[in-house]
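Here are a few exercises to work through with the model open beside you. Try each task before reading its solution.

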Amino acid sequence: MPLPDKAVYSEDFWRANVEKTLEVRDKMGWNIPEREFMHFVLPLRVNNESLDDFRTIYADTLCQRVKGMSLEEAVLEINHWCHEMATYKPSDGRTSSPLATIRYGLGRCGEESVLGLAALRAAGIPARQVYTPRWAHTDDNHAWIEAWVDGKWHFMGACEPEAKLDMAWFNAPVSRALLLHTKVYGDYHGDEDVISRNYAYTEINVTPNYVPIRRSVVTVVDTDGKPVEGASVEYKIYNYAEFFTVATYSSSKEGKVALNTGAGDMLAWASKGDKFGFAKISADNTEVVLDHIVGEEFSVDIDILPPAENPLPISATDEEIAACKVRFDMENEMREARPKGNDAVLEKFRKNHGDDPRNVEAILASLSFKDMNDVTIEVLEDSYSHISGTFEKYRDCPRVELEFLMPYFEKMSSVPVSTVKEAIDWVNANIEVDDSLNPQGLRIPPVGVLMTKVADSKSRDIFFVALCRAKGIRARLDEVTAKVQYLEGGEWIDVNFSGIPPKVYPQGTVSASYSPIPTNPDPLYYKHFSLSKIENGSQVLLSYDDSVDLPYSSLLKNGSSFDEGYYSLTTGSRMADGGALVHMEFFNVKEAMKTTLPLVMRFSETRISVIGSMDAEALFTKENGDRVSLLSETGRGYSIVATVGDKDEPTTHAVRQMGSVAKQLNDWGRKVVVLGKARPEGLTNMICGTDPDGSIFKMLTSGCSSTSRLQPVVTICDSFGRIVYFSQGYNTSLGEELKNVIDKL
């Protein structure tokens, strides 16, 4: 077991879950082999979620629901039950427990799959979570589940029931994956390729189950062409304007490492000491030369192509799919009618302190929207009791980072410290730090660290911040760099635990010049560019708040302060075919000096670029009055989404222009959603409706960085929320532009 599971959860908790699991195995009689039972039924943990009593609460309910069914029927039925409980909504990186996801009724894909696996395993059915850590052809990642049925693993979208196994909305996207993996807890030895292994789990490579694989061998050499042993080699996928590391190895005596991957482009990044190098992986064998040194300033262009699309086949008939859709809609209604949320806890807290609403609401406002669905009254009261005067976020907020919230202010009173120096000394003397005991990097709540006196380095940092806050010292983990800091004299002072005294880290200023390309007037952080500090040979991303768009004009146009060091600036223009035109700048930041560099967004005259984003699940009103999502009406792939006026001149031109290319749009075969009063003529694939609150209009314009309020807006977008064409207002060339774009898609 990883350290957090031993530190936070009692023996009684584990014993109750083991006993329930054995009871279900005897009762259901699925005849599961011992290996699959031990590794894919018995474990509670799926990924990085907090654990709860889901299995002991729901096992009997789920077993009764699938009583008498075959294993395949039971798997499909349990996924229907999960859809009754929750559906998709993006959120922050903390993974809710299964019960919290049910309470909220919503979860991102990682939380849906945690719920789906918890339900399958509670009924005694082997299941595992499959992850693509990053898509190759578009931004973001995805998680789903596989269930073991009659000796074989089958996939499905969690909380997204379909008529058959091996059928999901991602049958096409997954065929473009570069890496698909899952974590198996315990000492697992199966037939799959092993990506990594440690005492707690084995990370296995399931890519071959979905796509043809390439054995991507990387050889690291020095500038004389000699193999380099012991170099750190990272396999990276371009995604969200960074090359994201998906696997790391140490090179052999021959300078080699290898990984089974899909057939598209990746990046190999190798380093040893102060030397590093990188190269695009696009074939079986790639050589990386350590021909750069830390501090060297240079730039490079890299063109990335993902694997080609080859959708996985489905076996369901049209009749089976239609019948499943009927159930799907009924389950949506059932879920919407079910009481949801954590209102009882929040209202009790407000009622307990009705004479002090300012501090009560300040505590609640300091927590995330997700926290509101699983925070306990004990956590809220513990925070409230700590306030001296007026709430202050970095002194009184119960949340430090992504840890599971447990009361800690009162419990920290037993720690005999009153100053920052005493806190540092106490932590160094009393907390054993061992990262090997928590290889997955799960966050241990501060009270867990206090009880066990053992932590990984990140949980130690969280504990230190919590200890300082409990002693009235304002402290935080810096939101961008994750450095441990405390506030003194209006300045944030950096802390480390290696004996170096706390200090204000020296900083310099970085600004960038930008010559706008036609498709991107003001690039956004994460979507179009990112910054990384190079530490110990690796790129460490600067993580700004991704819930708020941060444009170039706010961050780099007039300059911002950064810690002294060596950095890389990565920019990327995503193409409609999934490829990316990438540029990298390597530069130094020096104390009290200004660094100016170019922000280069590459542009193609012949390929279609991704120019914005939207929410494919956004709701609109159909002509019959139903509120439906764009995705439910357009299906997967590309579509046109337009908001129009009535008889104004720009709208009149727009509908005439769309009608003029009706034949091409009809032949294209994709859906055309038109929201408003005006209607193009001749379209056989048009879906009509309204946008009564203007939310679709606002989403499309803001997603393309437009502040204009002019109608009409006409976009071409896909089910991943990527906008590849945007037109607003008066445009007499609209028809020709639409035709040119769809010809290239």
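## Exercise 1: A three-stranded sheet

Three strands form an open sheet in the order S20-S21-S22, with antiparallel pairing; strands here are DSSP runs of E with at least two residues, helices are runs of H or I with at least four residues, and both are numbered from the N terminus. Two strands pair if DSSP finds at least two bridges between them. The model is predicted, so local features need pLDDT of at least 70 and side-chain atom pairs 80 or more, while totals for chains, interfaces and linings use all residues. Residues are numbered from 1 along each chain as its sequence is written, and side-chain values use heavy atoms, without hydrogens and water.

**Task.** Find which strands stand at the edges, then follow the pairing of S21 with S22.

**Solution.** 
- Step 1: Strand S20 (475-477) and strand S22 (491-495) each have a single partner strand, so one side of each lacks a neighbour in the sheet.
- Step 2: From one strand to the next, the twist averages 35°.
- Step 3: S21 (residues 484-488) and S22 run antiparallel and are joined by five bridges.
- Step 4: Val484 has Val495 in S22 as its bridge partner.

## Exercise 2: Two packed helices

**Task.** Describe how H9 and H11 pack, starting from the angle and distance of their axes.

**Solution.** 
- Step 1: Helix H9 (residues 343-352) packs with helix H11 (residues 377-386) at an angle of about 30°, and their axes are 10 Å apart. Axes are lines fitted to C-alpha atoms, for helices over the stretch in contact, and angles run from 0 to 180 degrees between N-to-C directions.
- Step 2: Val345, Leu346, Lys348, Phe349 and Asn352 of H9 meet Ile377, Leu380, Glu381 and Tyr384 of H11; contact means heavy atoms within 4.5 Å.

## Exercise 3: A salt bridge

**Task.** Which residue forms a salt bridge with Lys27, and where do the two lie in the chain?

**Solution.** 
- Step 1: A salt bridge needs a side-chain nitrogen of Lys or Arg within 4 Å of a carboxyl oxygen of Asp or Glu.
- Step 2: Asp60 is the partner of Lys27, with the closest N and O atoms 3.3 Å apart.
- Step 3: Lys27 is in helix H2 (residues 11-28) and Asp60 in helix H4 (residues 54-65), so the pair links distant parts of the chain, 33 residues apart.
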